[in-house]
Amino acid sequence: MDYFKFGSVIIPGNLVFWNKQYCYCIIPVVKLLPGHVLLIPKRQALRLQDLDPAEIFDLGLSVKFLTKSLEKYFDCTSSTVNVSSFSNESDGLNHCFIHIIPRKEGDIKKNDDLYGLLENYPNDFIRQFHNTLGLGNAFSDQMRDTLSQEARKYKEFLQQCLQEEIKLK
């Protein structure tokens, strides 16, 4: 099985549903809303601006495609796209990444509350990942299976979306 490094966390390959040359996408263990995913550069960098142009290009095209596709999958009208960057290596995951969160009207009472959740997200993710998927956890296999099945569904849906885009061109 392939593994992907996300800061200090090792992501099993079966949890990855989008795998491109410079980035990959996972369904996180901590979802802020239905459809919330993380798009992660393969090369570890603290900030988005530390990435090479080719890496940024791959991320940008992925954001465009994933946002459009996930909005369709979840019957949403918009998305929140947020870049998490770090100022130094002691901050959270030590790996920049992008949140893609499909949105519906009224999904959060006060829209600005989402940004507070995003601010604390890296530490919440690390803690929840180790609590639910970490070695020796009784729930690990069940959670991994659930996330793997969800990732497989996303992957199949994205393949359909790619086929539709190819037909349109």
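At what angle do the axes of helix 1 (residues 53–73) and helix 4 (residues 140–168) cross? They cross at roughly 110° and come within 10 Å.

This is a predicted model: local features need pLDDT of at least 70, side-chain atom pairs count only at pLDDT 80 or more, and totals for chains, interfaces and linings use all residues. Residues are numbered from 1 along each chain as its sequence is written, and side-chain values use heavy atoms, with hydrogens and water left out.

**View 1. Helix 1 crosses helix 4.**
The crossing angle is roughly 110°, which makes helix 1 roughly perpendicular to helix 4. Here, 65 to 115 degrees counts as roughly perpendicular, under 35 as roughly parallel, over 145 as roughly antiparallel and the rest as oblique. Axes are lines fitted to C-alpha atoms, for helices over the stretch in contact, and angles run from 0 to 180 degrees between N-to-C directions. Helices (H or I, at least four residues) and strands (E, at least two) are DSSP runs, numbered from the N terminus. Helix 1 brings Phe-65, Leu-66, Lys-68, Ser-69, Leu-70, Lys-72 and Tyr-73 to the contact. Helix 4 brings Lys-153, Tyr-154, Phe-157, Leu-158, Cys-161, Leu-162, Glu-164 and Glu-165. Contact means heavy atoms within 4.5 Å. Nine of these contact residues are nonpolar, one is polar and five are charged. Ala, Val, Leu, Ile, Met, Phe, Trp, Tyr, Cys and Pro count as nonpolar, Asp, Glu, Lys and Arg as charged, and the others, Gly among them, as polar.

**View 2. Helix 4 and what it packs against.**
Helix 4 has 29 residues. From first C-alpha to last it reaches 42 Å, close to the 42 Å expected at 1.5 Å a residue. The expected span is 1.5 Å times one less than the number of residues. Its buried residues include Leu-147, Ala-151, Tyr-154 and Phe-157. Buried means under 20% relative accessible area, exposed over 50%, and partly exposed in between (1.4 Å probe, protein chains only). The buried residues of helix 4 pack against strand 2 (9–12), strand 3 (16–19), strand 5 (37–41), helix 1 and helix 3 (121–133).

The 21 residues of helix 1 should span 30 Å at 1.5 Å a residue, and its end C-alpha atoms are 30 Å apart, which agrees. Among its buried residues are Glu-55, Asp-58, Leu-59 and Ser-62. Their cover includes strand 6 (78–84) and strand 7 (97–103). Glu-55 touches Tyr-22 and Arg-43, not counting residues up to four places away in sequence.

**View 3. Asp-75 follows helix 1.**
Asp-75 lies in the loop between helix 1 and strand 6. Its phi is near 50°, a positive value in a residue other than glycine. Most residues other than glycine have a negative phi. Asp-75 counts as exposed because its relative accessibility is 63%.

**View 4. Cys-23 in strand 4.**
Cys-23 counts as buried, at 0% relative accessibility. Cys-23 and Leu-59 are 36 residues apart in sequence, and their C-alpha atoms are 6.4 Å apart in space. Leaving aside neighbours within four places in sequence, the contacts of Cys-23 include Trp-18, Leu-39, Asp-58, Leu-59 and Ser-62.
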